[in-house]
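Welcome, and thanks for taking a look at this one. Please open the sequence and structure below, and then we can walk through a few of its features together.

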Amino acid sequence: MLDSKKLNKDPQAVADNLQKRGYILDIDNWDNLESSRKDLQSDTENMQAELNDLSKQIGIYKKDGKDSSKLEKQATEVTSKIKSQSKKLNTILEDMNNFISSIPNMIDDDVPEGQNEEDNVEIRTVGKIRDFAFAPKDHLELGSALGGIDMESGVKITGARFTVLNGQLAKLQRSLINFMLDIHTKEHQYQEVYVPYVVNSESLFGTGQLPKFEEDLFKLNGKEDFYLTSTAEVPVTNLFRNEILDSKSLPIKYVCHTPCFRSEAGSYGLDTKGIMRLHQFEKVELVQAVEAQDSENALEELTRHAEEILKRLELPYRVVSLCSGDIGFSAAKTYDIEVWIPSQNKYREISSCSNFRDFQARRMKARWKDPSTKKNQYLNTLNGSGLALSRTLLALLENFQEKDGSIIIPDALRNYFGADIINL
């Protein structure tokens, strides 16, 4: 959520920043709401002062044995007006809150300008793209031949865009989860947490999924306020909601493995073959909470931590800075990490690492106490996948395939998997 002080101080600067996203800020609407608020608040304060004077006079009259009925009648009328004005003021405040809640985050100055993913800027490429001596197969063909990817059973059990992993590929996913968690906890010093997979609307509002993106969520029927979590970002970041943290506890770094559930509204026809884009998938998520002055460095660090997994797995990838037209609603700056997919002959997103500044913290009322000023400051929150499991599995199958359909296991994963190859 944006700071309303920024809107009041320089609404045009806010509008100019948001316009880079393609978002048009209705300054007139905000000015009207703010003007109405000021008038109602001023009137309410004046009437409250009048009521206080009347109350004092009534007390004096009664002490002196005088008739105070006329003053009491006036006080009753003023009280009624205050209640009426308070209702109007509350309505205006709710309208203002809804207005601000619908506005995306302001982007950092160094975010490249552009309209869509074609305008994203490549920062670096890492690893060598394999030159196959044979025609490489896609992950679904490989996985099906290994008896490890069963889309048909996923459809039978649930429906389209669900899958079943069997045997060695189920074990490979479990090995990847443990490998990622170990790297992030033992080497990158994240604290592992286990959180609910069901979240309430307040949690989703806090991280920015609600109200704008409800169609992308799975809501539980009969449970008005419950949703399946779309990403571990939601429950983990909401650990800070309504908290005032000691400065000594910062930075906080959490890592969490969860399933994720997304309706993928509007994505029909896109990556629907295989496990590239599923309604249910696994992720190992990284979340950080830091002081504002540390958030830029924290984003670079978090991104490096996600990259480290790909480096250890020997998967070629690139890092791109998302342009203003492609960046997410809550993010101030985002790096996408894209892994090389041979069957598509292109890089595809496997992690999105974002700095939200204090945008989420304002929505969640997540703060820390500054010992030098004794004042509460809003946290800066960040998150990124470290990594998305289905796409990591997919990338391993395609990049490490052999001509006979077997899959070589990268050195870093062999102790976890217990073998150096998956054979047909």
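## Burial and an aromatic pair

A residue is called buried when its relative accessible area is under 20%, and partly exposed when the value lies between that and 50%. Keep in mind that this is a predicted model. Phe 329, with a relative accessibility of 11%, is therefore buried, while Phe 213, at 27%, is partly exposed.

By the ring-centre rule there are eight aromatic pairs. In one of them, the centres of Phe 213 and Phe 329 are 5.8 Å apart and the planes meet at 80 degrees, so the pair is edge-to-face. Phe 213 sits in the loop between α8 and β6, and Phe 329 in the loop between β11 and β12, so this pair ties together parts that are 116 residues apart in sequence.

Two lysines lie over ring faces: Lys 66 over Tyr 61, at 5.4 Å from the ring centre, and Lys 253 over Tyr 190, at 4.9 Å.

## Helix α4

Helix α4 covers residues 69–101 and spans 47 Å from its first C-alpha to its last, close to the expected 48 Å. Its buried residues include Leu 71, Ala 75, Val 78, Ile 82, Gln 85 and Leu 89. Residues three or four places apart on an α-helix point the same way, because there are 3.6 residues a turn. Among the elements covering the buried residues of α4 are α1, α3, α8 and α11.

Terms used: Residues are numbered from 1 along each chain as its sequence is written. This is a predicted model: local features need pLDDT of at least 70, side-chain atom pairs count only at pLDDT 80 or more; totals for chains, interfaces and linings use all residues. Side-chain values use heavy atoms; hydrogens and water are left out. Helices (H or I, at least four residues) and strands (E, at least two) are DSSP runs, numbered from the N terminus. The expected span of a helix is 1.5 Å times one less than its number of residues. Buried means under 20% relative accessible area, exposed over 50%, partly exposed in between (1.4 Å probe, protein chains only). Contact means heavy atoms within 4.5 Å. Rings of Phe, Tyr and Trp (its six-membered ring) pair if their centres lie within 6.5 Å; planes under 30 degrees apart count as stacked, over 60 as edge-to-face and the rest as tilted. A charge sits over a ring if NZ of Lys or CZ of Arg is within 6 Å of the ring centre and within 35 degrees of the ring normal.
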